[in-house]
Every structure is written in C-alpha cells, then in structure tokens.
Amino acid sequence: MGPRKYLASYGETLSFRRKLLLVFALTVFFTVAAVSLIVSALARRAFQKADEERAAALVSQFRNEFNRRGADVTKRIDAIATSDSVARMALSVSNGAPDYGAYLNEAKTIADAQQLDFLEFTDSEGSIISSAQSPARFGYKEPAIAGLSPATGLFLKKEELADGIAIGMFATKAVRIGDKPLYVIGGRRLDPSFVASLELPAGMRVLLYQNVESAFSAKALSASSGALLEPEKLAPLIERAQRTGQETSEILHWTIDSADDEKLLAIPLKGLANEPLGVLLVGSSRRTYVDLARRIRSAALLVGGAGIIVSILLSGWIASRVTRPVEQLAAAARQVTEGKWNAQVDSKSSDELGELASAFNRMTRELVEQKEQLVQTERVAAWRELARRLAHELKNPLFPLQITVENLLRARQQSPELFEEIFRESSATLLAEISNLKSIISRFSEFSKMPQPQFQPVQLNDSVRAVTRLFQAQFDNREKGTIECCIQLDDHLPTVPADPDLIHRAISNLVLNAMDAMPNGGDLTLRTSHDANAACVEVVDTGTGLTPEECARLFTPYYTSKQHGTGLGLAIVQSVINDHGGKITAESEPGRGTTFRIRLPLKHEAPPAPIQTSGMFKQIS
Amino acid sequence: MKRIAFLFLAVSSLCLNADAATRPHYGRTLRVSLLARPTSLEPIQSLAPTAPQLAELIFDTLVSLDQQARPQPQLAISWSAEGGNRRWQINLRPGVMFHDGSPLTPEVVASSLRAANPSWQVSANGDSVQIVTDAPNDTLPAELSLVRNAIVRRDSSGKILGTGPFRVNDFLPGRKLTLAANDDYWNARPFLDSIEIEFGISPRDQLIALELGKADLIEIAPEQIRRSTADGRRVVVSRPIDLFALVFTRDRQSAEEGRLRDALSYSLDRASMRSALLQGEGDVAAAILPLWISGYEFLFPAKQDLARAQQIKSGLKQSSPWSLGYNANDPVARLMADRIVLNAHDAGLAVQVTPNQQTDLRLVRIPLVSLDVRLALRGVALAADIPAPAPGGTTLDQNYQVERSLMDSQRITPLLHLPRAQGIGVTVRNWQRTPDDSWDLESIWLATEKP
C-alpha cells in the first residue's frame, strides 16, 4: 500500500472529530510555525545586518590601526632622513663612490634605534650603501627605487632575507645634499609579531598570508592570536583574493558549532608594480551574533511550542463542541439502522446542525408513522390472505361434507332401504373430511405456537446426519425414481449455539421441500462448511427450480407453489433461523434446481428487538 | 750663564725621566681577556685549537722557527738526520727544569713526543732523543716547533707541567687561568710576575674592559681594527695569517659538479668582502697560503669574473641548492656567508645559509699553524678535513705544486687572509711582534704610569 493510499484509508477511518481536530491542529501548527519562521527570519536578517555593520566597523578600525602604523613608519623615516648621520652619508654619496665598509652597520644601528625592521640607504642609482635587514647586500641594486616617485607614500614590498621572504610596510624619503640624492627606504615587517602587536577590538583577529610558494602553504600563514587549527580551510578564500586581486569576504565554518563561524575579509597585498605579495585576512567572530540568534530561536520555539500546545487543546475542545451534535446524529442514525425507528437527537441549537437535528427527528417520526401504516396495511393484507387461505382450505372439506349430508338426507327420504348402507359410507366420508379439517386447523395452530429456541452447543454435522438417516427410506422407496443423497461435511466444523430440535426441524423442512421439488427423483446434496464468523449448511437439489418471482415470495407465510402445500414450511424454517440470529438465502433457476443456504453465527447474539408490531408475523431479517 | 745652566738641568732631568719610563720593570700582573673558553690545558686537544698563544706561555717546544721559517734551537740545542732524513737525533738543552723543579730528561721528551705523534718511533738515547719516522721527513725539525709537539709532563696527580716562562697558578676550566712567572726559566725570568686570563669575554666586553683599564691585552676582530684604531686605541696587527675559506665537505661527485664549484669560485667578489665586511683589513686570498709565506700566491686567480661564472653555470644544472654552514659565534662569518649567497645567486647558483652542522659547504677560519709552507698546507688540510697533500720538496715550485693539487681538489676555495690584532693597554711596554703572531709575553713589562 502506497503512502497516499494509506493516508486515504487512514483518513477514511478517522472520526469527524479527529479530522476536525487534525485540521485545526495542522492549521494552528503551520500558522504558528510560519509566524515563528517569519519573525525569526526577520530578526535574523536584522541581526545579520547589525553583524555586518559591526564587522565593517571592525575592519574600518583595523584599517585605521594599519594606517596608523604606516604613518608611524613614515614619521620614523622622516626622522632618519633629517638626522646628522644620514646627512653625512648623503654628503659622502654626493662626493663620489661611498665607502661601503664605513656604513656597513650604519643602517642596522639606525634601524635598531628607530625600531624599524627594514632600513636601507641607496644612492641615486639604487645601489645599496647600507642595509639593516641584509648588511651583505651593499653595492647591490634595490629594485624598488625604480618604481618610486615623489608621490609615493606608504607601500608594500617583498624583501628576500637570508631566512626567507618577508613582506614589509615601507616608506621612503630622498635626502638631497649636493647633486645626487640619497634614498632612505625603511619599514616594518608584516609578520606574526606585527600582526600580534596590532591593537584589535574584541572578537577580531588578523591573519597574514605571504606569497612564498605558488600553491597554498599553511606555513606561510600566521595569526595575530590563537592557534590556527585547520589553515587549509582558508585556502579557497586566499586563492580567490589572489586570483581576482580584489577584496573578498566569506564566512568560514571552523567547527560544526556555528558559534565558531568567522567572517573573513581577504585583502590582497600588492607591491609597487601591483605584484601580489600576500593576503591579509581580517576575521571577526560571529559568536555574538550566533548566540543572539540562538536565543531568539529558542524563544521563538518556546513561544511557538506553547502556542501550538494551547491551540491543540483549544482545538480539541472546539472540535468536541462542534462534532457533538454530529456524533449524536450519527448515533441516532445507527439506532435507526438497528431498528430503533423512534431515535431522537437533541436539537436545542439554532444553527445548521440544530436544523439538521430537527430534520432528523422529524424524519424518524415520519418513518415510524409510515412504518406503522405499512404494518397496518400488511396486517390487513395478511388477514385477508389468511381469510382467503382459511376459506380455501376449509371450503374443500366443507363441500364433500355438504354433499354427504345432502346424500344422507336424500337417502332417508328417497331410499330408506339403502340408507343404512349410505349412512355407513357417508359417515366414513364425513369422518375423513372432519379429520382433514382438524389437520388443517392443527397446522395453523402449530405455526402460531413456534417455541423459543433453547440454546446449547450443536454439531451441525450430527443434525445433517440425523436428518438423512430419517429420510433415507423415503429417498430409496419412491414410486417415480429414487433420490441420490450426497453428504459433504466439514470435518473441522465447530459447534454452534442452537436448539438441536428446531435445527433438526428446519433442515428436515428443507429436505422435504427438496423431495417435493424432485417428484421424478434426482440428486440431493447436504453440505456443511464454516468461516470465521459462522457455520453454514447447504441443501442442494436438482429439482424443477424456481422463477425469480417465486424466489422473492419464497418465505412468505401461506405462499406455496405446490398444489397441496400450506405455505408454512419455509416460513417456519426462516422463523427458526431468525430466532438463532442466523440467515437463510435461496438461489434457484428454473430447471436447474435450488440451493438453500443457512448461516448460523458461531457465537450467540441476542436477536434484534423486533419492531413493536402487533399481529402474528415476526420480523424478517 | 745661570739661565743656560738651568736649561741644561731641565733637559737632563727630562732625559732621565724618559729613560726611567723605557727601562724594564719586573713585577705586576698582566690582565688578558679572551673569547675562547679552553676547558683543559692539554696543548693538543684544547689549547692548540682554541688559544695556541697560551700554550707557548706554559710549554716549550724543542725547536722554534725564525722569520724565514728556519728552525732555531729551543729545548733542543742541535739535531741531525741520518738514513735519508728518516732517523733524527735531537740533543736536549741541559739544565732545563719543569715547573715542579723536575729536570727535562730525554725519557720525558720521548714520552711527550710519542703521545703527540703515535706514528713516530721516539726513544731516549743518552742525553738525546732519537726519532725514527716511517718515511723520509725533512720537515721534522719544523714539525717540532708546532704547539702540539710542546713538551709536556704529568706529575703523579695528573697535573700537566711545562717548561715555559710561566707556570700555572690556578685554572678554572672555561673561566679563568692564572699564571705565575717561572723564576727558573732557562731563557731568563719574565718581567711580569703573573698573568690573569679571563675566558669567554665577548669582543664588546673586551673593548670596554680595555677602555676602563680592567684589561691590558684583548683580542680585536679584523673588522674592528679600523674603528679601534680610529678611536685611538693601541692596536697591534699581525700579517694576514688566518685563512677564511669555503670548504666543500665532500669530494666532487662528477665533472659537472666540479664546474659548478668553479662557477662559484669565479662568482665570489672577494674584494668587496675585504673592503666592506673586513673594513679593508686582510688580503684577498687567491691561494691557501698568503703571498708573504708562499711567494707564489699571485699565480692563482682571485678576481671576480661573474660573466665567466654565469657562462659556466649556463650549461649546467644544479641538482639541489648547496647548504652553507658557518660559525654562529663569528659575527663576520654570517655577513660573509650572506655575501657568498648573493654572489652565487648572481651566477645562477643556489646556496642557502643554514646553522645546521651537516652542510655541503662550510665557511671556516683556519689559523696558520706554521711558517713552514709544507706544514702550513698540511695544517690547513687537516683543519679543513680534506686529504693531506703529498709531501713535496723544498723548492718554491714544489710547494706550488703541492698547493695547486690541493686547490685542484676543489674542496677548498680561499676567500681572505686575515690578520690577528690585539688591543694593548697603555701601560704595556716592549710588545714584540712575532711573525706567527705568538705572544711573547715574557718580554713585556708594565709601566707604573700612563704615558
């Protein structure tokens, strides 16, 4: 069974109240959920915007700090350029080839004093006169000089040191004493210690990635604070910033806990010739935002959950209020189907359900009245039929009685000598007809005195065997052909609660009926079977069969298709089966015989109370 | 007349005062500061490699070399060779006493020489010592002048004794050594009463101590000579006798690698290293030995030829960068190493400076062990851990061939010849400059007043 079919069948089995409750509950649930979601989404969006503004403020704060460091570098370079020692060096450069040995440690000494990581002095050609970061580079060209202009302010530069490549934040100043200028180029190294020294607001950190290798290398990454557990997660962001050369941001999920998420802004670092030097990553923790969003979500869930529970309880109460009249109507309708025709419901309300209840009450009242009228009509018809049958039955013996008595009177008057003989013959005739009249009266009397069954466990197989034994002689000794009786019994047939005598009588009547239907002999089959609820006895003959019209009136009392029948045999059978809570049906076709099927319940149930009718007929099931 | 007489008296008194200032004074203590930290007074294992000048104060050798590297008598008064220079007879100086008063005997001398030279057969022979070598050895008298062949005796407690001008008064390994004058020294008592030597003193602290008058003798690094002189200090500078060189730690594995080594040698700008890093001190080294010792150094090229270096490198592929190690305690060594890396880079060679011990290249400072060319070359080979050259002859051409073979091995690339320099206190008098920069402290005295 597919889910849709299952839901459809489940829906069919649900009561109206439950359906209504379900509809109410689902409506409330989805409404509350939708409201909660919308409120949560709106709140989340608002906080997200606030978080973005906070992140932007933090980045701005970082830029200010970064620029402040740059301004500090520029200030220190300016101070160096105006110092006496640099003036002397500039004078020496202006006078000719400088003595590298004399200035070998000059840059280092000044850089240490000015707390600079990088400091170089170069002549106008870019030849290094003294270098703090690489003292052995004297005489070599400083490539940055070629890209410098008077307007060059703070710039970034890659510096090849003995222990690797470093990125620095540089400023430059030209010292002009004489014809040839002396350039002062100095700065601070952008390294973990620089990043760590930045005064950052809470919840913010800075990471520096230096372009040491062509592919991403975790070793080239350093953070301002804390250990970097999974640096490879930053690789896509760094590579994107390197590829596009533009600032780019992304939210990184460090752990499954979204509170550990971090919004990172990747700022590509470029040199004088726009060459990529590295990427600066400014990260702001989303913990504050996530914690706030979580509190909002918790509150929404709490309020929504409470609302749903309250609304479900309210829905249940409303559903019970709404469905109670409908349930009363349904119960009354069930009573009507069970025969309680005068069932009534409460119809106090003035709404549609009240009108429906009033209509139902009116309908049942009319049903009872019509039924009483119908019973009255049927009763009159029955009395007429009874009168006709009695007249017919009594008329037949009365006519010979009248003839016989008239013969006796005529013989007394006309042939006294023959009177004695005629008297004897007439007396015999009179007695025979009177006996016939008594027999007719006896059968009518017997039908009216049908006893109530005395229930006890009865094995229907035994009843069938008893009936066949009883009639076995009659099956064999018939004038116009014998009847072949076949018994097919269910070996596992359970006992049924029944009156054995009445059951025996019912089966006997069916067998007699079958024998009458097969005047020229035939096959008679008695069969037993059972299912979960009932035991079954079938009596099958191969007689003349019945037309549909005859079948329809088969169990009507005093109806018979036989020439000398009273029409009470099958009526008695039906009465017995009804008294046992069972059911009898007939299937027949003209020329193909008839099958009577009796179903008796395996458990005794009190027969439905008959409709309050008067007269001699019981309810036909 | 009176006026003339007064002037005469004044000039005479000035002359007398000057004479008193230059006259030797016995007594006082010389304070010395050294960077080295010798942990033992063993001349072979500790003093020779760390502070050879101290060994000469405590111990004597049998022979010394003069300025022409000719052997001169010390504890030995004469020597003679037999059997084609395989068997040598050394006659000892009589009356020489060890610091504990025990006499110098041929047995003690033989025992000391055997300990220093296991391959020699040394035996006492009357008042002399006989040395038999495996092969003819005409440099044996010069070898006997090496510090490692100083005559040492151990007393019953294991204490090391020498016959030098000073005896050990107190020794704190790695920290301080106090020497006292050997009153019974065979070559006359030193003027100084004692010498206090402090070890492990940084160059900066040495300079401060000299400035404050807390030290009378300090070491001055070559790159500091210029500044110290400019600052008005008394600085004595030797001839360039130490070798700054690049040493490959293994033989070349292929002809291609040999050409790469050639490229490296051509790429080196030794002149800039000298002028800037050493502040103009020392000499550019074209060969292992300086010209003033060998006489043929000019035959080796030393000028940077970057074009040729690039040309050699252009057709070759360097399998991996060469790692270059250096002495982290030597400040100039780091600069030299960085400059070598830059020069090599210009030629297309990759060299990486590393503090690790296991490297392809080492930048080393090798002291001259002897004024004898053959011994000096052998000493350099020994210090550089490269195979010793085959002994040559005595002629200039033979010495050149020996050095040429060492250079052709491409295990060593000379860079600079460095002088040694000392800062001397103002009260130190009669400082004698020796050709091998040994300290002749037994000849100096300390003035009582500053000049």
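Apart from its neighbours within four places in sequence, I238(A) is in contact with Y209(A), F216(A), A266(A) and V279(A); contact means that the C-beta atoms of two residues, placed from the backbone, lie within 7 Å. The structure is a predicted model, in which local features need pLDDT of at least 70, side-chain atom pairs count only at pLDDT 80 or more, and totals for chains, interfaces and linings use all residues. Residues are numbered from 1 along each chain as its sequence is written, and chains are lettered from A and ligands numbered from 1 in the order in which they are written.

I238(A) belongs to helix α6 of chain A, residues 235-244. Helices (H or I, at least four residues) and strands (E, at least two) are DSSP runs, numbered from the N terminus. Is I238(A) buried or exposed? I238(A) is buried, because 23 other C-beta atoms lie within 10 Å. The cut-offs are as follows: a residue is buried if 20 or more other C-beta atoms lie within 10 Å of its own, exposed if 12 or fewer, and partly exposed in between, with C-beta atoms placed from the backbone. Y209(A), one of the contacts of I238(A), is 29 residues away in sequence and 7.9 Å away in space, C-alpha to C-alpha.

**The five-stranded sheet of chain A**

Five strands of chain A form an open sheet in the order β7-β6-β10-β9-β8, with antiparallel pairing. Two strands pair if DSSP finds at least two bridges between them. The edges are β7 (221-223) and β8 (248-252) of chain A, each of which pairs on one side only. On average, neighbouring strands of this sheet are turned by 25 degrees against each other, direction ignored. Axes here are lines fitted to C-alpha atoms, for helices over the stretch in contact, and angles run from 0 to 180 degrees between N-to-C directions.

| Strand pair | Sense | Bridges |
|---|---|---|
| β6(A) and β7(A) | antiparallel | three |
| β8(A) and β9(A) | antiparallel | five |
| β9(A) and β10(A) | antiparallel | nine |

Y209(A) has L221(A) in β7(A) as its bridge partner. T248(A) is bridged to A266(A) in β9(A), and A266(A) is also one of the contacts of I238(A). I267(A) stands opposite L280(A) in β10(A). Five residues separate the strands in the hairpin of β9(A) and β10(A), and N274(A) in this hairpin takes a positive phi near 65 degrees.

β9(A) is mostly covered, with eight of its nine residues buried. Helix α2 of chain A (residues 16-81) lies across β6, β9 (262-270) and β10 (276-285) of chain A, and runs at about 135 degrees to β10(A).

**Helix α13 of chain A**

Further along chain A, helix α13 (residues 569-579) is mostly covered: eight of its eleven residues are buried. Among them are G569(A), L570(A), V573(A) and I577(A). The cover over the buried residues of α13(A) includes α11 (500-517), β16 (583-588) and β17 (594-601) of chain A. Just after α13(A), G581(A) has a positive phi of about 75 degrees.

**Chain B**

Chain B has 14 helices and 23 strands. Of the 451 residues in chain B, 45% are buried. Among contacts in chain B between residues at least 6 apart in sequence, 68% join residues at least 24 apart.

An open sheet of six strands in chain B has the order β16-β20-β15-β19-β17-β18, with mixed pairing. Its edges are β16 (283-284) and β18 (351-353) of chain B; each has a single partner strand, so one side of each is left without a neighbour in the sheet. Strands β17 (residues 322-325) and β19 (residues 361-366) of chain B pair in the parallel sense over two bridges, and L324(B) has L361(B) in β19(B) as its bridge partner.

Helix α13 of chain B, residues 373-383, is mostly covered, with eight of its eleven residues buried. The buried residues include V373(B), R374(B), L377(B) and R378(B). Among the elements that cover them are β15 (242-248), α10 (291-294), β19 and α14 (396-408) of chain B.

**Where the chains meet**

Eleven residues of chain B are in contact with eleven residues of chain A. On the chain B side, the elements that give two or more residues are α9 (270-277) and α12 (331-346) of chain B. By class, this side has five nonpolar, four polar and two charged residues. Ala, Val, Leu, Ile, Met, Phe, Trp, Tyr, Cys and Pro count as nonpolar, Asp, Glu, Lys and Arg as charged, and the others, Gly among them, as polar.
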